[in-house]
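Dear colleague,

I am handing over the structure below, followed by some notes on what was found in it. Please read the notes with the coordinates open beside them.

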Amino acid sequence: MSLTLKPRAQVRAKISSVGTYVPPGLLTNADLEKMVETNDQWIVERTGIRERHLVEPGVATSDLAVEAAKCCLAKRGVDASEVEVIIVATVTPDMLFPATACLVQNKLGAKGAWGFDLSAACSGFPYALQVGAKLIESGMHKKVLVIGADVMSSIIDYTDRATCVIFGDGAGAVLLEPCEEGEVGLIDYWHEIDGSGAVALNMPGGGSLHPATAETVAKKMHYVHQDGQTVYKFAVRKMAEAAETVLTRNGVVGSDLACFIPHQANKRIILSTAERLGMPEDCVVINIDRFGNTTAGTIPLAMQTALDEKRLKKGDLVLLASVGAGFTVGATLLRWEF
């Protein structure tokens with residue numbers, strides 16, 4: 001392997017801690033069999049999902065985000081008052097404004113922090129990760145909290161079997177800090193969007209185009225709408241392309257990676273990407289069976305799974321990849337530094 005680091009910044013950014021949270025409530029495939037015309041075998045074969053966590057009424061995205069953030073900071077031994085920036089990736093904000101990051105900042109007690117939300121659906125976390133990294137690389141900040149959190153159950157129609165079997169609720173947070181001597185941290189990324197795909201996966205109601213009215217509610221415009229086949233075909237192609245792009249331009253091949261942590265949208269998409277990269281399945285982190293698709297929460301939740309299973313150690317070369325509504329696409333190459 002020939003890993004060449006491009007001279008970009010005097011300071012490099014690294015992930016120094018991970019924290020996650022999922023609500024205790026479970027929705028199993030057996031539960032869904034009683035709600036819509038589906039069955040466990042059909043769901044598992046097509047998605048890989050067996051169960052997903054759902055919030056209780058009144059629990060919002062900011063609540064999940066705060067719990068994940070507390071866990072992340074506690075593991076690092078960092079007080080909330082030391083956090084300088086909070087970036088929340090989500091498509092289910094508590095409300096249109098203020099930003100969920102403002103609510104998280106207040107609930108967390110991070111009095112010295114500024115922040116904002118980032119909306120990129122399932123690519124939200126890797127997009128927010130790179131924004132946070134650039135703030136570290138600028139030299140202006142030393143502790144940036146990046147959170148991916150979504151309460152997808154708040155925008156799912158549980159009479160629509162095409163979408164209700166897929167999504168769950170959850171959150172994950174990472175702390176970004178400057179690399180120390182000899183550390184590499186975040187190496188490179190590749191992002192792209194294809195706005196022509198907006199019609200294939202969206203929530204049409206609630207924005208400025210279709211403000212909430214009795215009519216939009218009656219038409220179920222405030223739920224996720226998805227053209228499953230179009231999304232699947234795009235994701236299979238683009239997750240692999242983005243991953244290959246970022247690996248190739250850094251002189252890396254799939255066999256050099258210790259761990260592939262993809263967005264957890266569909267097990268078949270994940271395995272197809274791994275096969276194209278020449279990666280064995282035991283190097284691929286898959287936890288979709290337990291959590292479903294938590295949108296911006298999936299990658300940090302999968303990071304925690306990798307840590308729990310002792311599949312990540314300092315110095316490992318790691319690849320992240322995602323495809324989401326928009327369409328949004330992203331891949332990140334990094335060294336694990338703790």
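Leaving aside its neighbours within four places in sequence, D316 is in contact (heavy atoms within 4.5 Å) with A258, R311, L334, R335 and W336. This is a predicted model, in which local features need pLDDT of at least 70 and side-chain atom pairs count only at pLDDT 80 or more, while totals for chains, interfaces and linings use all residues. Residues are numbered from 1 along each chain as its sequence is written, and side-chain values use heavy atoms, with hydrogens and water left out.

D316 lies in the loop between α11 (298-308) and β12 (317-324), helices (H or I, at least four residues) and strands (E, at least two) being DSSP runs numbered from the N terminus. With a relative accessibility of 7%, D316 counts as buried, a term that stands for under 20% relative accessible area with a 1.4 Å probe and protein chains only. A polar atom of the D316 side chain lies 2.9 Å from the backbone nitrogen of K313.

Strand β12 belongs to an open sheet of four strands with mixed pairing, in the order β8-β13-β12-β11, where two strands pair if DSSP finds at least two bridges between them. Because β8 (186-193) and β11 (259-262) each have a single partner strand, one side of each is left without a neighbour in the sheet. Eight bridges join β12 to the antiparallel β13 (residues 328-335), and L317 has R335 as its bridge partner in β13.

M279, in the loop between α9 (267-277) and α10 (288-291), is also buried, at 6% relative accessible area.

Best regards

Notes. Buried means under 20% relative accessible area, exposed over 50%, partly exposed in between (1.4 Å probe, protein chains only). A polar contact is a pair of N or O atoms within 3.5 Å; within protein, one must be able to donate a hydrogen and the other to accept it, and residues adjacent in sequence count only if both atoms are side-chain atoms.
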